[in-house]
Amino acid sequence: MSASRSAAACARTLARLCALALIVAAGLCSELRVRVRLSDGHLTEEVLEADSEKDFISLEFKQGDGTLITFMADFKQDVKIFRALILGELERGQNQYQALCFISRLNRNEIIPSESMARLRQKNPQAIRLAEERRGLEQLTVSVAVNLSRAWQLSPHIHNMCSEAQEAIYTREADVKYWLDKGVDGSVFEVLPQATELPSLQACHSTKDLWQPCVCTYSLRLEWYPCLLKYCRTRDATGKGSTYKCGIKSCSKGYYFTYYVPQKQLCLWNEET
Ligand SMILES: *[C@@H]1O[C@H](CO)[C@@H](O)[C@H](O)[C@H]1NC(C)=O
């Protein structure tokens with residue numbers, strides 16, 4: 001490679017690294033809008049909000065089919081919340097939209113801290129962002145229902161985000177065990193019938209009767225989110241090295257939820273078309 005070509009490649013790499021920079025001076029709250037191409041080909045504008053005082057990050061975008069996806073990471077409570085507002089089929093007697101909420105524990109290093117997110121700025125807001133790392137599909141069997149009016153015990157954000165999903169707030173058994181051990185009241189949860197207990201319970205896509213209970217699946221993908229901080233090295237005059245946060249790594253990750261519905265009517269996207 002010639003010197004000029006490698007210099008140009010280096011400049012391009014630098015430009016890419018600097019496109020999303022962590023600025024030092026910033027307020028506590030921030031909103032960042034990034035353009036993202038979804039797996040369905042739809043170009044969307046994703047809104048990322050961070051509040052370092054309340055210590056949360058939220059992310060929201062609209063899919064090509066009109067579904068509004070919202071994700072929230074509540075670092076104070078180590079809880080993550082997924083919400084899908086799915087447009088209903090009015091001609092089939094459904095509501096205007098159907099809300100689903102899935103709640104789970106937030107693990108360390110799933111997403112960057114809210115304080116770093118609040119400092120994130122982009123130079124070129126028009127750029128269409130592509131995640132640097134495409135992660136697989138995480139399977140979550142969410143067999144327990146969460147009572148909306150008691151859910152504040154898990155996170156104060158559930159009430160706002162999931163009020164439209166009253167009868168469709170789900171979580172995993174393993175998460176419930178963890179929360180019960182931490183002292184959360186058992187009345188927050190309601191265990192739902194599961195495939196193992198009810199062998200007659202079929203997958204919704206193979207259930208004919210719209211009023212029969214069945215096992216529903218729902219999948220979504222967070223196509224772009226800041227998953228890790230990048231550190232750069234610097235050397236001072238004496239040659240002593242140190243590192244500092246100099247940017248973010250972006251990831252894409254899919255989630256596949258399996259849960260009980262009392263009527264197939266509530267799971268029409270599982271139909272064979
Ligand atoms: C949820 O909790 C509320 C208030 O504590 C209670 O009145 C209601 O019956 C509960 N709902 C279910 C489905 O258990």
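Asp78 counts as partly exposed because it has 17 C-beta neighbours inside 10 Å; a residue is buried with 20 or more other C-beta atoms within 10 Å of its own, exposed with 12 or fewer, and partly exposed in between, the C-beta atoms being placed from the backbone. This is a predicted model, in which local features need pLDDT of at least 70 and side-chain atom pairs count only at pLDDT 80 or more, while totals for chains, interfaces and linings use all residues. Residues are numbered from 1 along each chain as its sequence is written.

**Overall make-up**
- The protein chain contains four helices and 15 strands; these are DSSP runs numbered from the N terminus, with helices (H or I) of at least four residues and strands (E) of at least two.
- The protein chain has 273 residues, of which 31% count as buried.
- Of the contacts between residues at least 6 apart in sequence, 67% join residues at least 24 apart; a contact requires C-beta atoms, placed from the backbone, within 7 Å.

**Positive phi in loops**
- Most residues other than glycine have a negative phi.
- Asp78, which is not glycine, has a positive phi near 55°, and its place is the loop between β5 (68–74) and β6 (79–87).
- Asn109 also is not a glycine and has a positive phi of about 65°.
- The loop that holds Asn109 runs between β7 (97–105) and α2 (114–118).
- Asn109 counts as exposed because it has 9 C-beta neighbours inside 10 Å.

**Sheet**
- An open sheet of mixed pairing is formed by 10 strands in the order β9-β2-β3-β4-β5-β6-β7-β12-β11-β13; two strands pair if DSSP finds at least two bridges between them.
- Its edge strands, β9 (128–129) and β13 (189–191), each pair on one side only.
- Nine bridges join β2 (residues 29–37) to β3 (residues 43–51) in the antiparallel sense.
- In β3, Asp51 is the bridge partner of Cys29, and Glu45 is that of Arg35.
- The hairpin of β2 and β3 has five residues between the strands, and Gly41 there takes a positive phi near 90°.
- The pairing of β2 with β9 is parallel, over two bridges, and Arg35 stands opposite Ile128 in β9.
- Helix α4 (residues 173–181) lies across β7, β11 (144–146), β12 (169–171) and β13, at about 55° to β7; axes are lines fitted to C-alpha atoms, for helices over the stretch in contact, and angles run from 0 to 180 degrees between N-to-C directions.

**Nonpolar core**
- The largest nonpolar core has 59 residues, of which Cys101, Phe102, Ile103 and Ile169 touch the most other members; such a core is a set of buried Ala, Val, Leu, Ile, Met, Phe, Trp, Tyr and Cys residues joined through C-beta atoms within 7 Å.
- Strand β14 (residues 214–235) gives the most to this core, with nine residues.
- Apart from neighbours within four places in sequence, Phe102 is in contact with Phe82, Leu140, Val142, Tyr170 and Phe257.

**Ligand surroundings**
- Asn147, Ser149, Arg150 and Glu190 are the residues around the ligand, each with its C-beta atom, placed from the backbone, within 6 Å of it.
- This shell has two polar, two charged and no nonpolar residues.

Methods:
Nonpolar A, V, L, I, M, F, W, Y, C, P; charged D, E, K, R; others polar. Contact = placed C-beta atoms within 7 Å.
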